[in-house]
Amino acid sequence: MLSIISTPIGNLGDITLRAINTLKMVDAVVCEDTRVTGNLFKQLEIPKKEFISAHGYTDEGKINWIIERLKKGEHLALVSDAGTPGISDPGYALVSKARLEGIKIEVIPGPAAFLAALSASGLPIHQFLYLGFLPMKKGRKTLFESIKEEEKTIVFYESVHRIEKTLLEMSEYLKDQPDRAVVLGRELTKLHEEIIQTSVKNLVEVAKTIMKKGEFVVVIGPL
Ligand code: SAM
């Protein structure tokens, strides 16, 4: 069996009991970075076990080798460095192949940064569009133009290196919608968590003053 397990996005207390019990029980853990998962085990005081690294560039050969182990009856866990595997993180290739091969899959849900940001945003979230990370170059302009027309709440991830650039671009592309709401979630669930409620017309100011440290989720309100 393959157990897909969400892990905290910052606050260790957000791991579920089911996640802990399953991590204790499995034969090995497929993870993104063995050091990060090793650290999680240490903090949770779970005795170390075999960690199989499978990041975004893992070749098909290794995925097949993991599948063979599952077929032999091993119980493996799939985790990513933080949050939910497969959500802007590796996991898709393995889960997809496991499903094709008829391997039993269970999911142990938990934190995901975009869900935390959406639920704290105060914006309508009965429907939303998740964009993952925005493209760095190709397709970026087209995407911003489509955001301009999008009627649903939009949520995406941004890195500390690009947050200023992205907020400035948003203020430019969406300048005809000055009152459109924007909520920024920074360091969610961590010590320096910040949730900034603003609107398009204030984005230049926010881009300049926002603390350029940590991890960011950007939520844009509906049209
Ligand atoms: N799998 C993860 C999830 O379920 O949310 C997402 C992994 S993705 C590689 C990492 C990005 O998620 C970061 O660059 C940031 O945009 C967002 N993120 C992760 N943790 C966060 C946090 N505590 N606060 C704000 N954003 C976070």
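The legends below describe a predicted model in a series of close-up views.

Residues are numbered from 1 along each chain as its sequence is written, and side-chain values rest on heavy atoms, with hydrogens and water left out. Because the model is predicted, local features need pLDDT of at least 70 and side-chain atom pairs count only at pLDDT 80 or more, whereas totals for chains, interfaces and linings use all residues.

**Figure 1. The protein chain as a whole, with its helices and strands.** The secondary structure of the protein chain comes to 8 helices and 10 strands, where helices (H or I, at least four residues) and strands (E, at least two) are DSSP runs numbered from the N terminus. The C-alpha trace spans about 60 × 35 × 30 Å along its principal axes. Of the 223 residues in the protein chain, 47% are buried; buried here means under 20% relative accessible area, exposed means over 50%, and partly exposed lies in between, with a 1.4 Å probe and protein chains only. Among contacts with a separation of 6 or more, 71% join residues 24 or more positions apart, a contact being heavy atoms within 4.5 Å.

**Figure 2. The largest nonpolar core and the surroundings of V218.** A nonpolar core is a set of buried Ala, Val, Leu, Ile, Met, Phe, Trp, Tyr and Cys residues joined through side-chain atoms within 4.5 Å. The largest such core has 20 residues, of which F156, L167, M170, V182, L184, V218 and I220 touch the most other members. At least two residues of this core come from each of helix 6 (140-149), strand 7 (153-158), helix 7 (163-173), strand 8 (181-186), helix 8 (203-209) and strand 10 (216-220). When residues up to four places away in sequence are not counted, V218 touches I154, V155, F156, E158, I163, M170, V182, V183 and L184. Another core, of 17 residues, lies apart from this one and includes L2, I4, I63 and L76.

**Figure 3. Helix 7 and its crossing with helix 6.** The buried residues of helix 7 are I163, T166, L167, E169, M170 and S171, and they pack against helix 6, strand 7, strand 8, helix 8 and strand 10. The axes of helix 6 and helix 7 come within 10 Å and cross at roughly 55 degrees, which makes helix 6 oblique to helix 7. Axes are lines fitted to C-alpha atoms, for helices over the stretch in contact, and angles run from 0 to 180 degrees between N-to-C directions; those under 35 degrees count as roughly parallel, over 145 as roughly antiparallel, 65 to 115 as roughly perpendicular, and the rest as oblique. Helix 6 passes helix 7 in a right-handed crossing, a crossing being right-handed if the near helix is turned clockwise from the far one by less than a right angle, and left-handed if anticlockwise. In this contact, R140, K141, F144, E145 and K148 of helix 6 meet K165, T166, E169, M170 and Y173 of helix 7.

**Figure 4. Helix 3 packed against helix 4.** Helix 3 (residues 60-71) and helix 4 (residues 92-100) pack at an angle of about 50 degrees, with their axes 10 Å apart, and this angle makes helix 3 oblique to helix 4. Helix 3 passes helix 4 in a right-handed crossing. From helix 3, E60, I63, N64, I66 and I67 meet A93, L94, K97 and A98 in helix 4.

Figure 5. The structure holds 18 salt bridges, each a side-chain nitrogen of Lys or Arg within 4 Å of a carboxyl oxygen of Asp or Glu. One of them joins the side chains of E50 and R69 (2.8 Å, N to O), linking distant parts of the chain, with E50 in strand 3 (residues 50-53) and R69 in helix 3, 19 residues apart. E50 is partly exposed at 36% relative accessible area, whereas R69 counts as buried at 11%. Together with E74, E50 and R69 are linked in a network of salt bridges. Another salt bridge joins E145 to K141, their closest N and O atoms being 3.5 Å apart; the two residues are 4 residues apart in helix 6, and are therefore separated by about one helical turn. E172 forms a salt bridge with K175, with the closest N and O atoms 3.0 Å apart, and E172 is partly exposed at 46%.

Figure 6. Most residues other than glycine have a negative phi. Phi of S88 is near 50 degrees, and this residue sits in the loop between strand 4 (76-78) and helix 4. T189, which is not a glycine either, has a positive phi of about 70 degrees and lies in the loop between strand 8 and strand 9 (194-199). S88 is partly exposed, with a relative accessible area of 30%, and T189 also counts as partly exposed, at 22%.
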